Amino acid sequence: MPDQMAGLPPRFLRTPEAARYLGLSGRTLEKHRTYGTGPTYRKIGGRVVYALDDLKAWADLGAKTSTSDPGKGTVLPAKKHPVLRPYAGQERR
């Protein structure tokens with residue numbers, strides 16, 4: 001069966017569609033964008049769009065096979081996370 005998407009450009013989703021794809025609310029996805037914890041997005045004109053591959057890759061970071069599986073990474077919650085920086089003029093230990 002031929003792939004109907006072959007030769008077409010990648011599909012981009014607006015925030016409400018992307019949120020629905022991930023099973024999140026649009027507001028949660030907006031918060032992820034604000035805090036830098038969400039999937040990669042693009043600004044085209046004044047619009048924010050997400051590539052399907054980027055949404056899948058971000059969601060796959062949280063893939064685990066059991067509760068003890070460290071997995072590939074972690075999908076952080078949509079909130080501010082502290083950035084560890086050395087004090088000015090001092091090296092990290």
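Tutor: Contact means heavy atoms within 4.5 Å. The model discussed here is predicted.

Student: Which residues does A18 touch, not counting residues up to four places away in sequence?

Tutor: Residues up to four places away in sequence from A18 are left out of this count. With those set aside, the partners of A18 are L13, L29, Y50 and L55.

Student: How many residues make up the largest nonpolar core?

Tutor: A18 belongs to this core, together with L13, A19, L29, V48, Y50 and L55. The elements that give two or more residues to the core are α1 and β3 (47-51). In soluble globular proteins, nonpolar side chains tend to be buried together. The number of residues in the largest nonpolar core is 7.

Student: Are α1 and α3 oblique or roughly parallel to each other?

Tutor: Helix α1 covers residues 15-22 and helix α3 covers residues 52-60, and their axes come within 11 Å. These axes cross at roughly 40°. Angles under 35 degrees count as roughly parallel. The two helices, α1 and α3, are therefore oblique.

Student: How many residues of the contact of α1 with α3 are charged?

Tutor: From α1, the residues A18, Y21 and L22 take part, and they meet L52, L55, K56, W58 and A59 in α3. The residues of this contact include 7 nonpolar and no polar ones. The number of charged residues is 1.

Student: What pattern does the protein follow along the sequence?

Tutor: The secondary structure comes to 3 helices and 3 strands. Read along the sequence, these elements give the pattern β-α-α-β-β-α.

Definitions and conventions: Residues numbered from 1 in each chain as written. Predicted model: local features only at pLDDT ≥ 70, side-chain atom pairs only at ≥ 80, totals over all residues. Heavy atoms only, no water. Axes fitted to C-alpha atoms, helices over the stretch in contact; angles between N-to-C directions. Helix = DSSP H or I, 4+ residues; strand = E, 2+ residues; numbered from the N terminus. Parallel < 35°, antiparallel > 145°, perpendicular 65-115°, else oblique. Nonpolar A, V, L, I, M, F, W, Y, C, P; charged D, E, K, R; others polar. Core = buried A, V, L, I, M, F, W, Y, C linked by side-chain atoms within 4.5 Å. Buried < 20%, exposed > 50% of the residue type's maximum accessible area, 1.4 Å probe, protein only.
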